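Let's take a friendly look at the open spaces in a protein and at what surrounds them. Please have the sequence and the 3D view ready.

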Amino acid sequence: MQINLGETIRHLRLQNSMTQDQLAQKLNISAQAVSKWESGANMPDIQLLPDLSVVFGVSIDDLFSLSDDSRMERIENMLYNTVLITDADFTGTVHYLQEKMSDPALNPRATLLLAQLYNRRAEDYHTLAKPLAREALRKLPLEKDAHNAIFDAENGAYTDWNYTNHYELIEFYKGVVEKHPDDPRNYLWLLDLLIADGRTAEAREYCKRMQKVRDNYLCELYLGSICRAECNLPEALEHWNKMVEREPENWLTHACYGDAMARLCRWDEALAAYRRAMPLRPVPRFYDCEEACMQICEIRGDFRAALDMAQRILEIELNDWSREGYSVERIREKIHQLESKIASEDGVAQI
């Protein structure tokens, strides 16, 4: 317990971006005392535990129970539930994960969490950049850099081939497939990249290889996507229809068909496919179909239908996943945006 408590104090101190001197000052003790706790040479007086819990914003029980598993679970929860990760949480978590990467048993999970943390940090910064970039363009409408700032923050569609192609990532995933040729999931990531870059001849070869590993609806889905990329829409539709016919009770076949129709801007067919998928989903339900329907309805200017879908998403988040925090706040913000559009539309109609 003494060693674990010292490690916990060190982790929480780093997470709060404190030096040993700063923590010592808050507790009215010497920095040497803090150093001894963290090294395991000594243990805090029991009377200091309430003060430690206040300084770090945790319960007294947490001071003794933060095993590596529980810490990593908390990091996962932070990634999914925190609206904006603070600088203190980010810095402390980076220190902790980098330290755990030196442990062979913990390295894989720590490495993945650190990658996810950096990605989430980038997402947070893009969220902050989005309104600023839009405001900058309003003030500087002729400034190319303002357009670039918006595209960078919101994943805009650049046309420069050398900037947008995925040749390096494709080579990486080819290596992954060669190393794990019996895992069909690896083929999917590679196929997405090849099709996005228009490298359909290579995509066909990898689709054939995937089909030998697992022949299911995904083979028809990707063959259809390859045909579409080759501008052969009739054959693409044949594959997509065959996909649904093969597994009519699988909600994913209808959802994938909806995606294919949405990419063609065949909105009515897309909405119908997504609605066929919805009642077939197991619980807890994924809400990709509702989100796609919401976006289509908003594109078409049907804000009330979009609002209905947004409210369904919120219901699924709360009831199926029991989530709070980042994902729920994002949906609530979308509901607010749609309600504002409806109110504005109603106001114009009354005038």
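The largest pocket has a lining of 32 residues, and T127, K130, A153, E154 and R330 are the ones nearest its centre. A pocket here is an open set of points on a 1 Å grid over the protein atoms alone, with protein on both sides within 12 Å along at least five of seven lines, and a lining residue has an atom within 4 Å of a point. Among the elements that give two or more residues to this lining are α8 (107-139), α9 (144-154) and α20 (326-350); helices are DSSP runs of H or I with at least four residues, numbered from the N terminus. The largest share, seven residues, comes from α20.

This is a predicted model, where local features need pLDDT of at least 70, side-chain atom pairs count only at pLDDT 80 or more, and totals for linings use all residues. Residues are numbered from 1 along each chain, and side-chain values use heavy atoms, without hydrogens and water.

| Pocket | Volume | Lining residues by type |
|---|---|---|
| Largest | about 990 Å³ | 14 nonpolar, seven polar, 11 charged |

A volume is the space filled by probe spheres set on the grid points, which are joined across faces, edges and corners. Nonpolar covers Ala, Val, Leu, Ile, Met, Phe, Trp, Tyr, Cys and Pro, charged covers Asp, Glu, Lys and Arg, and the others, Gly among them, are polar.

In the second largest pocket, D192, L221, Y222, D259 and R263 lie nearest the centre.

Methods:
1 Å grid on protein atoms, 1.4 Å probe; cavity = no way out; pocket = protein on both sides within 12 Å on 5 of 7 lines; lining within 4 Å.
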